Structures are given as structure tokens and as C-alpha cells.
Amino acid sequence: MKAMTCPICCSTDIQGYPKQRGLYPLGIVAIIGLPFALLHQASAPQRYHCSSCGQDFPHRTPVARIARVFLIIFGVALALLVLLAIITATLSQSS
Ligand SMILES: [Zn+2]
């Protein structure tokens, strides 16, 4: 893994913040599902702090990038499923 540098001053004197583990509202978890919430949490960029210029900046780790791809696939699949359910319901009503 290559050393991180500050995007502002290119210093390598970088400190990572502990990833924020914010609690999700239970309602959202119930609606979108726990896997979605977990994936979303995993895909959140890590925040870093540059000791040289004092700038904070986010950085997405490779794991977070993979989680983000899965999140998009999961979201699209979920949207298609909902769409399919609506179409099926509409078709069964009209017949
Ligand atoms: Zn800097």
C-alpha cells in the first residue's frame, strides 16, 4: 500500500481519523435492510488530517470502493425488484 499524501500540500504527515460509526435510524434499517446499511457504512470514505497544513480530507479505501460498487449493484437490484413488483401488481389489477 503506497503512502498517502495530502491532496493540498502533498505532505506525507497524515493521520487517519477513526471511522465514524454513526447509528442508523432503525426505521431506515428496517426499510432498506441491514445489508444495505452495512454496505453504506463500509463505503463511507475515511477522514484524514494533514499535520503539515492542518487540512482535513476524505479518502476512500479500496475496501470502501468495493463496498460502494456492491452498494450500487444492490441499489439497482432493489429498484428493479420494486419496479417488477409494481408492474406485477398493475398487471394483476387490470386483468
Ligand atoms: Zn497538507
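1. Does Ser11 count as buried, exposed or partly exposed? Ser11 counts as partly exposed because 14 C-beta neighbours lie inside 10 Å of it; by the rule used here, a residue is buried if 20 or more other C-beta atoms lie within 10 Å of its own, exposed if 12 or fewer, and partly exposed in between, with the C-beta atoms placed from the backbone.

2. Before going further, please keep in mind that this is a predicted model, in which local features need pLDDT of at least 70 and side-chain atom pairs count only at pLDDT 80 or more, while totals for chains, interfaces and linings use all residues. Residues are numbered from 1 along each chain as its sequence is written. The pLDDT is the predictor's confidence in each residue, on a scale from 0 to 100; its mean for the protein chain is 85, and 91% of the residues reach 70 or more. Among the elements of the chain, strand β2 has the highest mean pLDDT (91), whereas helix α1 (residues 26-32) has the lowest (71).

3. The secondary structure of the protein chain comes to 3 helices and 3 strands, where helices (H or I, at least four residues) and strands (E, at least two) are DSSP runs numbered from the N terminus. Read from the N terminus on, the elements follow the order β-α-α-β-β-α. The radius of gyration of the chain is 20 Å, well over the 12 Å that the globule rule gives for 95 residues, so the chain is more spread out than a compact globule; this radius is taken over C-alpha atoms, and the rule is 2.2 Å times the number of residues to the power 0.38. Along its principal axes, the C-alpha trace spans about 70 × 25 × 20 Å, and 3% of the 95 residues count as buried.

4. The 3 strands form an open sheet in the order β1-β2-β3, with antiparallel pairing. The edge strands are β1 and β3, each of which pairs on one side only. Two strands are said to pair if DSSP finds at least two bridges between them. Strand β1 (residues 14-16) is joined to strand β2 (residues 46-50) by 3 bridges, while β2 and strand β3 (residues 56-59) pair over 4 bridges.

5. Strands β2 and β3 form a hairpin with 5 residues between them, and Gly54 in the turn has a positive phi of about 80 degrees.

6. The segment before β1 holds Cys10 and also Ser11. Cys10 has a phi near 65 degrees, which is a positive value in a residue other than glycine, and Cys10 counts as exposed because it has 10 C-beta neighbours inside 10 Å. Leaving aside neighbours within four places in sequence, Ser11 is in contact with Thr5, Cys6, Cys50, Ser52 and Cys53, a contact meaning that the C-beta atoms of two residues, placed from the backbone, lie within 7 Å. Ser11 and Cys50 are 39 residues apart in sequence, and their C-alpha atoms are 7.3 Å apart in space. For the chain, among contacts between residues at least 6 apart in sequence, 64% join residues at least 24 apart.

7. Leu39 lies in helix α2 (residues 34-43) and counts as buried because it has 21 C-beta neighbours inside 10 Å. Not counting residues up to four places away in sequence, Leu39 touches Ala67, Phe70, Leu71 and Phe74. Leu39 and His49 are 10 residues apart in sequence, and 24 Å apart in space from C-alpha to C-alpha.

8. Helix α3 (residues 62-94) has 33 residues, which at 1.5 Å a residue should span 48 Å, and its end C-alpha atoms are 48 Å apart, which agrees; the expected span is 1.5 Å times one less than the number of residues in the helix. Helix α3 is hardly covered, since the count of buried residues among its 33 residues is 1.
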